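Here are my notes on the model, as promised. Have the structure open while you go through the points.

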Amino acid sequence: MKDKIFRASLFVAACLIIILTASIVYGLVSQSLDAFSNFGFGFITSSEWDSRNDVYSALPFIMGTLLTSVLALLFCIPFSLSVSLFNGEYFRGHRASTILSSVVDLLAGVPSIVFGLWGFYTLRPLMVEMGVNEQGFGVLLSSIVLAIMIIPYASSLSAEFLAMVPNDLKEGAYSLGATRLEVIQRVSLPAAGSGIFAAYVLAFGRALGETMAVTMLIGNTNNIPHGLGDTGNTMASIIANQFGEAGGLKLSSLMAIGLLLFLITASINFIAKYIMKMVRQ
Amino acid sequence: MKKISLILCMAVALASCGSPKKDGSMNISGAGATFPAPFYNVVCKEFSTATGNSVTYGGIGSGGGIRSLADKTVDFGATDVFLSDSEMTDMGAAVIHIPTSLGAVVLSYNLDIADLKLTAGIVSAIYRGKITKWNDERIKALNPDATLPDQAITPVYRSDGSGTTAVFSEYMSKVDTDWFNEIGDGKSLAFPVGIAAKGNPGVAGMINETKGAIGYIGSEYALAMDLSSARMQNRSGSFVEANIISITASAANIDIPADTRVVISDSPNADAYPITTFTWIIAYKEQHYGNRTLSEARALTNLFNYIIGNVGQEIATKTNYAPLPMDVRDKTVAIIHSMTFDGKALEEE
């Protein structure tokens with residue numbers, strides 16, 4: 001009997017999650033229909049965001065999101081790759097590795113608003129001094145902060161995949177006289193390659209959706225950013241900035257941006273999961 | 001849409017819609033403009049202490065306040081821009097405007113110069129990207145004694161829809177044709193240059209942290225953060241600092257209609273600061289809607305009378321808003337008096 005109740009409650013919980021997700025998708029789709037039917041495909045390709053004439057489009061924000069996230073990913077690779085090699089290869093099981101990995105994991109627990117504040121008060125004056133632009137806000141500042149935020153996601157998963165590389169393979173290479181660097185280059189990285197790739201895809205997905213820190217740092221201007229020093233807006237930050245006062249077509253457009261963001265992140269996550277599944281088999 | 005604002009308002013004003021507590025005291029909740037929020041926060045707290053009712057105010061923006069009232073998730077809304085006739089119709093039932101004080105929109109800047117003088121034309125050129133350096137000839141000509149640095153100007157504006165933007169841009173459009181043609185007026189505008197921040201506190205914080213920045217904010221926020229604000233040239237040509245005297249002066253010599261829905265910026269008065277506005281509380285005239293009780297409605301009118309009464313107006317002055325002129329106060333008393341419950345006058349005699 002107990003077993004049955006337990007099973008039933010598990011079943012209900014699982015169903016609830018599915019229903020919840022489905023209703024979120026339904027809500028997003030139904031509320032964004034207005035925007036899509038008004039602007040059609042132009043919603044994604046045009047760059048106008050004009051509240052006075054009620055004309056909205058998503059391109060500046062899609063570009064802002066992609067630009068900051070791709071840059072963040074590039075910035076994070078050197079750091080997260082070294083951390084994962086340190087933890088998964090050189091010092092695996094060593095005390096130094098335990099300390100480093102818990103510090104990096106701690107980074108994942110820092111609330112995003114704290115990263116935002118740090119970027120605002122500490123990193124931004126540095127940007128001004130470096131002459132990136134006059135006030136420091138913009139794509140570069142947000143990408144750097146984003147990069148630091150996603151390091152833990154990329155590095156801990158990568159380390160896990162590196163640690164999964166069979167010892168036989170590595171020992172074989174050593175016995176043939178390979179140096180440690182050669183083992184990493186020729187054996188560990190190729191063997192764990194697709195897993196590491198998946199880890200970075202997941203980190204990228206995380207960067208796409210990040211809202212608070214980016215909203216504080218990107219400058220919130222509705223234009224397509226053309227350079228590192230340009231200000232812009234991301235899909236998440238435009239929603240955070242404007243939904244409080246939005247109504248009608250504007251609200252529908254924000255919902256549509258939310259839907260697009262959801263679709264992009266969902267497909268990124270799906271790709272990552274798929275690759276990881278292939279690796280683990 | 002309703003669901004979202006419901007969640008928002010529940011987050012902002014945790015105790016929603018005046019449900020009576022066990023001891024007979026009421027919960028009153030309001031939401032709206034951030035511009036008068038420092039005043040409302042104090043006055044609501046004082047009213048709560050004085051009467052035992054609990055009043056909460058959430059500064060979520062004028063538009064949010066209007067929507068929350070329309071969704072009936074709050075007892076009153078607050079806005080710096082009075083509702084247009086069509087907006088009034090959209091509210092479903094008659095809405096009254098209760099002016100609570102006068103405020104100014106100031107142009108605050110981050111520069112080591114006190115008493116900078118500016119004209120609407122220069123401000124317009126800055127926001128349109130035509131003036132980009134502080135040592136521009138046009139600014140120098142107005143401030144011959146100041147040593148203006150070779151520093152880039154960073155204009156800051158609101159990233160969210162805002163009553164402050166509406167008040168500021170309404171004035172700018174009125175006095176500067178280039179502004180009118182290129183930027184226009186409204187709650188949410190497209191500026192060609194500059195950076196944006198959310199809410200009055202956001203813009204104030206960004207100015208405070210950015211050398212060479214200039215932005216428009218409610219005067220209280222400039223005072224609270226100790227930001228310098230420009231002396232603006234008014235219609236009669238004098239450069240006036242925004243303070244309680246110059247803000248009050250802007251409402252003199254103006255015919256105030258019975259419903260107090262009037263724009264007072266660009267006053268002809270020589271002592272007046274040019275960018276000023278009444279800030280209003282809005283509520284439904286007929287208070288018996290939903291499951292509201294008479295005592296809840298009475299608590300609300302008591303709050304309104306308290307805000308425009310001597311104590312409330314003194315708090316307005318202390319929080320750097322200008323108190324209502326006497327003639328406006330008389331009109332406001334009449335407006336509150338016109339509120340009904342089941343069609344009958346609400347206030348206790």
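1. Which strands of chain B make up the open sheet of three, and in what order? The order is β5-β10-β11, and the pairing is mixed. Strands here are DSSP E runs of at least two residues, helices are H or I runs of at least four, and both are numbered from the N terminus. Two strands count as paired if DSSP finds at least two bridges between them. At the edges sit β5 (117-118) and β11 (239-240) of chain B, each pairing on one side only.

2. Before going on, the ground rules. This is a predicted model, in which local features need pLDDT of at least 70 and side-chain atom pairs count only at pLDDT 80 or more, while totals for chains, interfaces and linings use all residues. Residues are numbered from 1 along each chain as its sequence is written, and chains are lettered from A and ligands numbered from 1 in the order in which they are written.

3. Back to that sheet: β5(B) and β10 (residues 231-233) of chain B run parallel and are joined by two bridges.

4. Now look at β1 (residues 27-32) of chain B, which runs parallel to β2(B) with six bridges between them. B:Gly30 has B:Tyr57 as its bridge partner in β2(B). To get from β1(B) to β2(B), the chain passes through helix α2 (residues 37-51) of chain B, in a right-handed β-α-β crossover. Right-handed means that, with the strands pointing away from you, the path from the first strand over the helix to the second runs clockwise.

5. Why is β2 (residues 54-59) of chain B largely enclosed by the rest of the structure? Because five of its six residues are buried. Buried means 20 or more other C-beta atoms within 10 Å of the residue's own, exposed means 12 or fewer, and partly exposed is in between, with C-beta atoms placed from the backbone.

6. For chain B overall, I get 14 helices and 14 strands. The radius of gyration is 20 Å, close to the 20 Å of the globule rule for 349 residues, so chain B is as compact as a globular protein of that length. That radius is taken over C-alpha atoms, and the rule is 2.2 Å times the number of residues to the power 0.38. Of the 349 residues, 53% count as buried.

7. Chain B splits into domain 1 (26-103 + 277-348) and domain 2 (104-249 + 265-273), with bounds from an automatic or database domain assignment. Their centres, taken over C-alpha atoms, are 29 Å apart. In the contact between them, 19 residues of domain 1 of chain B meet 21 of domain 2 of chain B, where contact means C-beta atoms, placed from the backbone, within 7 Å. On the domain 1 side, α3 and β4 (95-109) of chain B each supply at least two residues.

8. Finally, the chain contact: 25 residues come from chain B and 18 from chain A. On the chain B side, the elements giving two or more residues are α3 (62-70) and β7 (195-197). The residues of that side divide into nine nonpolar, 11 polar and five charged. Asp, Glu, Lys and Arg count as charged, Ala, Val, Leu, Ile, Met, Phe, Trp, Tyr, Cys and Pro as nonpolar, and the others, Gly among them, as polar.

Key:
Contact = placed C-beta atoms within 7 Å.
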